[in-house]
Amino acid sequence: MNHLLKYTLRLGDNALILGQRMSEWCGHGPFLEEDIAMANSALDYVGRARLLYTYAASIDSVKGRDEDFYAFRRDEAEFENLQICELPNGDYAFTILRQFLFDHYCVLVYRALSRFDKPSDQLPGLAAKIVKESSFHLARSTKWVQRLGLGTIESNLRMKRALEELWGYTREFFDYDETDRSMVSIGACPEKEKLRFDWSNLVEKVLFDVSLKLPESKWEANGGRQGVHTEHMGKLLAEMQVLQRRYPSLSW
Amino acid sequence: MVKNMEKIGQFERKIAEEEKIEPKDWMPDKYRSSLIRQISQHAHSEVVGQLPEGNWITRAPTLRRKATLLAKVQDEAGHGLYLYSAAETLNTSREEMWDALLDGSAKYASIFNYPTPTWADVGAIGWLVDGAAIVNQISLCRTSFGPYARAMERICREESFHQRQGFEIMQTLAKGSEEQREMAQDALNRWWWPTLMMFGPHDAHSMHSQQSMKWKIKRQSNDELRQQFIDQTVEQADHIGLTIPDEKLKWNEERGHYDFGEIDWGEFERVLMGHGPCNQSRLQARQKAHEKGAWVREALSVYTAKEKRGDFKIMEREAVNE
């Protein structure tokens, strides 16, 4: 599989798997306006996955694949999303903090992709649209990090716990492999150290301002890009893919 | 006393002349309380109604269906929001209405107390339940209270998309494999009668109907609306080759309508009184979300108060001084 295809599918996998998690909140949010906002963001993520998968299908050397093939007919090891996307939602602090950490990663990664100079290719255009959406998501999740970080003692404590759980998973953002390096070489992906620097700068400032200290734990997740997943992934896929697996090759 | 009679006279003249009653206008207490009851029930139905279809968001069979369903369920929450706002113009608060939903004293549409065991239920809800809701809501676009009428116009536009997507799901299943066809027919069998019950008791037995019709809160009777729904839906079912589970269903040339079998009013009463398959779980899901969200709402309100007081500006200044 060529690097561009692999890279696109990984971005699609991140979007779908996190979108799936976010959609679990629909109907169960902490209040009505927030229920609507979270569902709306989930919808953006699912929409993003569809765009990326459809693009992937157009460059896949195996013809006849489509968005639903990638979403519903691949096995766990073929999904190369980052593990942070598949973790169960936890409480609202965990959900919001994950969005914040991931939204910022998205802004940086898609911004580089949108500047990728590949004439007559639709990928930079797609990425530009996603950057806009992600910037909006980031503004929203940043505001929530402030509210929960500075709200009550309880909300601050919950944010601390969420940060401790999530931090090790963010290390995967910078766990580049050959595909990422190949995308860096053509200017479609931020250089690893640059990504780490830009991401850490903003994230650490926002967290510091709301009295959240970076965890000391040195544990780091890895392997998502190689199809290695947490124990949660199998269940997520079993649920998401159930109809396509139970009744293969039908129209819905 | 004379002044009061004048107010009543003016109110009744407006109703007679099809002028909308607006929140600032004088209105009889009973008109106000009837509207609060009806609009808040309607709002509750939207937010409880998120749950049965929400049950399939994570399992929708294609990405297109997933996106559409998610958007639809989100729309329902949005409808809840407009309706709570419309009710608030009558001098009640969202908190009061929400508390009444959570403590079980307020009602919501009984139809949402039925379960969604298969994907075809998502189609059936869109096609039948939203279809029935539209018949009712189109009629309510002419309701006498302005904010309610305007909320209904907006909601009707979105509901017609919902109904179409539900019908399309059913149509796709009906012309799919044998298993899919059975799934669709089974869902129609389960949803048909509860959908007819959505229009409420026969006119002769409807508790609130007469006064509501007089005040033009309600514009058409339960039986009229039910008949209208049946007439339009029979043809749709025929079109996609599904069979409506009513042996007595038959075109009546003389009436110009379909005749149909008797509704099981015992079942209607049981579900209304809380004994439907999902009464407990729907309410619990709402209570649980409310309880789990309590600390989030509290943090938000504390943060907002601090922000208003300017606490964070002081912090910023201190940070600069350091």
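Trainee: Which residues line the largest cavity?
Mentor: The lining is made by A:Tyr7, A:Arg10, A:Leu11, A:Asn14, A:Glu80, A:Leu82, A:Tyr105, A:Val109, A:Tyr176, A:Asp180, A:Cys189 and A:Arg225. Bear in mind that this is a predicted model, where local features need pLDDT of at least 70 and side-chain atom pairs count only at pLDDT 80 or more, while totals for chains, interfaces and linings use all residues. Residues are numbered from 1 along each chain as its sequence is written, chains are lettered from A in the order in which they are written, and side-chain values use heavy atoms, without hydrogens and water.

Trainee: Okay, and what is a cavity?
Mentor: On a 1 Å grid over the protein atoms alone, a cavity is a set of points where a 1.4 Å probe fits but cannot get out, and lining residues have an atom within 4 Å of a point. A volume is the space filled by probe spheres set on the points, which are joined across faces, edges and corners.

Trainee: How many cavities of 30 Å³ or more are there?
Mentor: The search of the whole structure finds 5.

Trainee: What is A:Arg10 paired with in a salt bridge?
Mentor: A:Arg10 pairs with A:Glu80, and their closest N and O atoms are 3.0 Å apart. That links distant parts of the chain: A:Arg10 sits in helix 1 of chain A and A:Glu80 in the loop between helix 3 (67-72) and helix 4 (83-86), 70 residues apart. The salt bridge rule asks for a side-chain nitrogen of Lys or Arg within 4 Å of a carboxyl oxygen of Asp or Glu.

Trainee: How many salt bridges does that give over all chains?
Mentor: The count comes to 37. Across the interface of chain B and chain A there are 3. One salt bridge joins the side chains of A:Lys143 and B:Glu307, at 2.8 Å from N to O.

Trainee: New topic: how many residues are in contact between chain B and chain A?
Mentor: 47 residues of chain B contact 50 residues of chain A, where contact means heavy atoms within 4.5 Å.

Trainee: And what about the largest pocket, what is its volume?
Mentor: About 1300 Å³. A pocket is an open set of points with protein on both sides within 12 Å along at least five of seven lines.

Trainee: Which residues lie nearest its centre?
Mentor: B:Gln41, B:Asn136, B:Met198, B:Phe199 and B:Gly200, out of 50 lining residues. Helix 6 of chain B gives the most to the lining, with 9 residues.

Trainee: How does the lining of the largest pocket divide by class?
Mentor: There are 21 nonpolar, 17 polar and 12 charged residues. Ala, Val, Leu, Ile, Met, Phe, Trp, Tyr, Cys and Pro count as nonpolar, Asp, Glu, Lys and Arg as charged, and the others, Gly among them, as polar.

Definitions and conventions: Helices (H or I, at least four residues) and strands (E, at least two) are DSSP runs, numbered from the N terminus.
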